[in-house]
Each structure stands twice: as structure tokens, then as C-alpha cells.
Amino acid sequence: MGQQLLFFDLDDTLLDHRGAEEAAQRVLFARESALFAGLSFDDWYPKYKLANHAGWTAYGRGELDAPTVSVKRFAEPLAELGLDVSLAHALSVAYLEEYPHHWKLLPGAEEILDAASRNGVVGIISNGFSAAQKAKVKRFRLDRWVRHLILSEDVGVLKPGRAIFEAARIAGEAGGPPATRKLHVGDSFEHDVLGAKAAGWLPVFFNPRKEKPPAPVLWVSCLRDLRPLLE
Ligand SMILES: [Mg+2]
């Protein structure tokens with residue numbers, strides 16, 4: 001009899017990525033006061049977020065590599081604001097140094113991973129940069145519970161692609177019998193919910209803002225509410 005696979009997205013499901021990203025951007029913005037003179041953080045940050053999103057989308061289509069995305073997301077808003085684009089690389093490096101200082105787990109993350117590890121094989125499936133995602137697992141010692149870290153950069157396919165969920169299944173079953181149940185929890189409707197569903201996993205939408213999901217789905221607004229679903 002196989003075990004159940006209980007897999008989680010990492011950014012904005014177990015760890016507050018959005019909060020850390022914004023906090024790191026605020027530090028850079030304040031530090032580079034000469035560069036950003038006369039601008040407010042709100043002039044800068046929405047433009048950065050748009051460029052970052054566009055960069056990741058292009059990365060997902062295989063049009064850009066990760067190092068290019070990490071510089072381009074600074075170069076584009078700098079150009080748009082008429083600022084010195086030659087600083088994009090330095091800002092990108094500074095951001096990657098600053099970002100880890102602001103990492104925090106979301107409430108209930110450790111508790112729910114612990115509960116999951118008593119009920120099945122626990123893993124993470126993430127589209128984030130490998131180096132950062134591995135550092136997050138290490139910092140918070142998530143390997144106390146997480147047996148498999150499945151990263152898009154290693155698999156070569158991002159969520160919602162079926163291949164990344166297949167890689168997770170193969171790792172989780174580890175040559176044993178088929179899993180009795182495969183559950184994936186994540187905050188992105190497109191990447192986590194639709195991807196998991198198409199790959200034959202049971203999706204659980206992590207929806208802390210209690211938004212109306214685009215289609216019917218099992219959802220929770222806090223991690224602790226997952227408990228009965230893990231059994
Ligand atoms: Mg996420």
C-alpha cells in the first residue's frame with residue numbers, strides 16, 4: 001500500500017515572499033537615494049513588479065534565462081523612468097543580497113509541515129530560483145519534514161507544466177507502489193491549482209485574501225486549516 005504525497009508550493013504558501021520582496025526593494029530604494037532622487041517608492045515598485053512578472057513569464061516560455069531576468073527586471077523600470085540603466089546589474093546583485101534578510105515563514109508553516117510529515121511523504125514544488133529556494137529550505141531547516149525539493153530550474157519545466165508534477169510524483173513514490181493520494185497546496189491558481197489538477201493531483205488553493213477562485217476548488221485561508229485535509 002502506497003503512501004500519500006503531501007506537497008507544497010514555497011513562495012507565498014510557506015514563506016512570505018511578497019513581504020520579503022517589498023521590504024528588500026524598500027531598503028534598496030532608500031539606500032540609492034541619489035539614483036532615485038525626486039521619485040517615490042510608489043513610482044518605482046509597481047514598475048519593477050511589472051517587469052519582474054514579464055521577465056518570469058518570458059523565462060517560463062524559455063525565452064530568457066534566470067540571470068537575464070534578474071537584471072532585466074531592474075533595467076526596464078530604470079529605462080522607463082529615465083534613470084541610469086548601467087546600474088541594473090549592481091542593483092540586481094544588491095537585491096539578491098538584501099532579499100534573504102527579510103524572509104519569514106507564514107503563520108502555521110512549521111506546524112502544518114510537521115502534521116503532514118506524520119501523514120505522508122512531504123515535498124516542495126517551486127518555480128523560484130534554485131539557489132534562493134535551497135537557501136530558504138536550509139535557513140528554516142525545512143528538511144526536518146520536507147523529503148523532496150522539486151525545482152523548476154532542475155526539472156527544466158515550470159508549474160503549471162505537467163512534467164514538474166510528474167517529477168514530484170516519481171521522487172515521492174521513490175520506486176515504491178503508486179501513492180494512495182497526491183495533494184498539492186499552493187497560492188497560484190494558474191500554477192498550483194490548474195497545474196496540479198491537470199497532472200492528476202488533488203489541488204488545494206491557499207487563499208489568504210479569501211478571493212473568489214476563478215473556478216470551484218478546495219481552498220483554505222490559513223495553513224492550519226489544512227490539517228483535516230492531510231489525514
Ligand atoms: Mg507561490
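Author: Let us begin with contacts, where two residues count as touching if their C-beta atoms, placed from the backbone, lie within 7 Å. Leaving aside its neighbours within four places in sequence, Arg147 is in contact with Val121, Val122 and Gly123. Residues are numbered from 1 along each chain as its sequence is written. The model is predicted, so local features need pLDDT of at least 70 and side-chain atom pairs count only at pLDDT 80 or more, whereas totals for chains, interfaces and linings use all residues.

Reader: Where does Arg147 lie, and why is Arg147 called partly exposed?

Author: Burial is read by counting other C-beta atoms within 10 Å of a residue's own, with 20 or more meaning buried, 12 or fewer exposed, and anything in between partly exposed. Arg147 is partly exposed because 15 other C-beta atoms lie within 10 Å. Arg147 belongs to the loop between α6 (130-139) and β3, these names being given to DSSP runs numbered from the N terminus (helices are H or I with at least four residues, strands E with at least two).

Reader: In what order do the strands of the sheet follow one another?

Author: Strands pair if DSSP finds at least two bridges between them, and here six strands form an open, parallel sheet in the order β3-β2-β1-β4-β5-β6. The edge strands, each pairing on one side only, are β3 (148-151) and β6 (218-220). Within the sheet, β1 (residues 4-8) and β4 (residues 181-186) are joined in the parallel sense over five bridges, and Leu5 stands opposite Lys182 in β4. Lys182 also gives us a distance to read, as Arg147 and Lys182 are 35 residues apart in sequence and 15 Å apart in space, C-alpha to C-alpha.

Reader: Which residues touch the most other members of the largest nonpolar core?

Author: In soluble globular proteins, nonpolar side chains tend to be buried together. A nonpolar core is a set of buried Ala, Val, Leu, Ile, Met, Phe, Trp, Tyr and Cys residues joined through C-beta atoms within 7 Å. The largest one here has 41 residues, of which Leu6, Phe7, Leu113, Ala116, Ile124, Ile150 and Val204 touch the most other members. Helix α5 (residues 109-119) gives the most to this core, with five residues. Leaving aside its neighbours within four places in sequence, Leu6 is in contact with several residues, including Ala116, Val121, Leu183 and Leu230.
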